[in-house]
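Colleague: Could we go through this model together? I would like to start with the overall fold and then turn to the helix packing.

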Amino acid sequence: MISWQSLDEAEAAFKQSLALRPEYAPAHKSLGKVLIRKERMAEGETALKRAIELQPDDYEAYYYLADAHKFSVGDPLFTTLEGFLSRTGSSDTQRYMVYGAIAKGYEHLGMPEKAFDNYRKSNEEVWRNAGYDIESQIEYHREIKQTFPTSPEIPTAREHANLTP
């Protein structure tokens with residue numbers, strides 16, 4: 001577990017690093033992540049936007065920016081993120097981060113269907129590389145339904161992930 005003291009130390013270290021190298025994008029990104037963890041969203045957003053200015057293709061910076069950014073309908077950040085998805089050669093990890101950032105935006109806007117759809121897509125990118133076994137998850141969901149027959153309908157793993165065998 002990270003203590004507030006270690007977050008304070010991390011913040012101080014990243015600020016010291018930036019005093020020495022103000023154009024060092026990774027330090028801006030790391031500072032932004034720390035500030036968000038400390039619930040200083042506006043400052044975190046500013047640091048992450050600076051990291052993105054310096055390194056526009058940093059998918060991870062966009063992922064964390066989505067935690068602090070106040071999305072609006074038609075937000076240009078959605079357009080930027082969706083543009084990343086149309087690029088060829090993006091890694092599964094990069095697509096995971098982009099779908100996750102898009103999902104966070106829709107969640108902030110109170111649009112759960114779009115949020116869940118993008119979280120599902122984000123998870124599919126992780127599952128693809130993790131050797132995820134969809135059949136074991138389907139069996140697990142069957143066991144839950146048998147154990148709790150009066151519970152609300154639980155979608156199967158395939159329905160939830162919208163995957164086909």
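The conversation below concerns a predicted model.

Colleague: How many helices and how many strands does the chain have?

Modeller: The secondary structure comes to nine helices and zero strands. Read from the N terminus, the order of elements is α-α-α-α-α-α-α-α-α.

Colleague: What share of the residues counts as buried?

Modeller: The chain has 165 residues, and 35% of them count as buried.

Colleague: And what part of the contacts comes from residues 24 or more positions apart?

Modeller: Such pairs account for 49% of the contacts in the chain with a separation of 6 or more.

Colleague: Let us move to the helix pairs. At what angle do α2 and α3 cross?

Modeller: Helix α2 (residues 25-37) and helix α3 (residues 41-54) cross at roughly 160°, and their axes come within 7 Å. The cut-off for roughly antiparallel is an angle over 145 degrees, and α2 and α3 are therefore roughly antiparallel to each other. The crossing is left-handed.

Colleague: Which residues make that contact?

Modeller: On the α2 side they are A25, H28, K29, L31, G32, L35 and I36. On the α3 side they are M41, E43, G44, A47, L48, R50, A51 and L54. By class, the contact of α2 with α3 has nine nonpolar, three polar and three charged residues.

Colleague: Is E39 buried or exposed?

Modeller: E39 counts as exposed, because its relative accessibility is 63%, and the cut-off for exposed is over 50%.

Colleague: Changing topic: what is the span of α6?

Modeller: Helix α6 covers residues 92-108, which is 17 residues, and reaches 24 Å from its first C-alpha to its last. That is close to the 24 Å expected at 1.5 Å a residue. Just after α6, G110 takes a positive phi of about 75°.

Colleague: Which residues of α6 are buried?

Modeller: The buried residues are D92, M97, V98, Y99, G100, A101, I102, A103, K104, G105 and Y106.

Colleague: How does α5 pack against α6?

Modeller: Helix α5 (residues 76-85) packs against α6 at an angle of about 155°, with the axes 9 Å apart. The two helices are therefore roughly antiparallel to each other, and their crossing is left-handed. From α5 the contact involves F78, L81, E82, F84 and L85, and from α6 it involves R95, V98, Y99, A101, I102, G105 and Y106. These residues divide into nine nonpolar, one polar and two charged.

Colleague: Which residues does L85 touch, leaving aside its neighbours within four places in sequence?

Modeller: L85, which is in helix α5, is in contact with R95, V98, Y99 and I102. The C-alpha atoms of L85 and R95 are separated by 6.6 Å, and the two residues are ten apart along the chain.

Colleague: How accessible is L85?

Modeller: L85 counts as partly exposed, with 26% relative accessibility.

Colleague: Finally, where is S122, and what is it in contact with?

Modeller: S122 lies in helix α7 (residues 112-130). Leaving aside neighbours within four places in sequence, S122 is in contact with Y96, Y99 and G100. S122 is buried, with a relative accessible area of 4%.

Definitions and conventions:
Residues numbered from 1 in each chain as written. Predicted model: local features only at pLDDT ≥ 70, side-chain atom pairs only at ≥ 80, totals over all residues. Heavy atoms only, no water. Helix = DSSP H or I, 4+ residues; strand = E, 2+ residues; numbered from the N terminus. Expected span 1.5 Å × (residues − 1). Buried < 20%, exposed > 50% of the residue type's maximum accessible area, 1.4 Å probe, protein only. Axes fitted to C-alpha atoms, helices over the stretch in contact; angles between N-to-C directions. Parallel < 35°, antiparallel > 145°, perpendicular 65-115°, else oblique. Left-handed = near helix turned anticlockwise from the far one by under 90°. Contact = heavy atoms within 4.5 Å. Nonpolar A, V, L, I, M, F, W, Y, C, P; charged D, E, K, R; others polar.
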